[in-house]
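Please look at the sequence and the structure below, and keep both in view while reading the report that follows.

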Amino acid sequence: MSDLTELAGRYIAVWNEADEGTRAQAISDLFTADATYTDPLADVQGHAGVGAVIAGARDQFKGYEFKILGDVDANHHIARFQWELVPATGGGNLAIGFDVVVTDGAGRIKGVYGFLDKVPGS
């Protein structure tokens, strides 16, 4: 497993973390202070911005969890991977996305660029 594969797993784990304090600490540990997160629904910067996006998704999709779908493709300090949003109790996915994560070269995320391939109701 590459370091970026492990990093992608930690990134998804942050999205699944229910405890707000634990999630905030994980964001602080995983992201640079000036990290950006951009997808079709959000364009934020910093730990508070990233935390707000994740909290919003967690509130909107209670009872669901994010999982990496397939393999993480990585080179140098960049990783890309597909993810799915599935019921925590099992079942088919509600959403599928594709994220590109850019690190600072020291193992912390400095940018996430997300795309939505399947959205609820599509």
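This is a predicted model: local features need pLDDT of at least 70, side-chain atom pairs count only at pLDDT 80 or more; totals for chains, interfaces and linings use all residues.

How many nonpolar, polar and charged residues are there in the lining of the largest pocket? The table gives the counts by class, where Ala, Val, Leu, Ile, Met, Phe, Trp, Tyr, Cys and Pro count as nonpolar, Asp, Glu, Lys and Arg as charged, and the others, Gly among them, as polar.

| Class | Residues in the lining of the largest pocket |
|---|---|
| Nonpolar | 16 residues |
| Polar | two residues |

Residues are numbered from 1 along each chain as its sequence is written, and side-chain values use heavy atoms, with hydrogens and water left out.

The chain has three helices and six strands, where helices (H or I, at least four residues) and strands (E, at least two) are DSSP runs numbered from the N terminus. Along the sequence, these elements follow the pattern α-α-β-β-α-β-β-β-β.

Among the residues that line the largest pocket, Asp-39, Leu-41, Ala-57, Phe-61 and Leu-116 are the closest to its centre. Helix H3 gives the largest share of this lining, four residues.

Helix H1 (residues 3–16) and helix H3 (residues 46–60) pack at an angle of about 60°, with the angle running from 0 to 180 degrees between N-to-C directions and the axes being lines fitted to C-alpha atoms over the stretch in contact. Their contact (heavy atoms within 4.5 Å) is made by Val-14, Trp-15 and Asn-16 of H1, together with Val-53, Ile-54, Ala-57 and Arg-58 of H3.

Note on methods: On a 1 Å grid over the protein atoms alone, a cavity is a set of points where a 1.4 Å probe fits but cannot get out, and a pocket is an open set with protein on both sides within 12 Å along at least five of seven lines; lining residues have an atom within 4 Å of a point.
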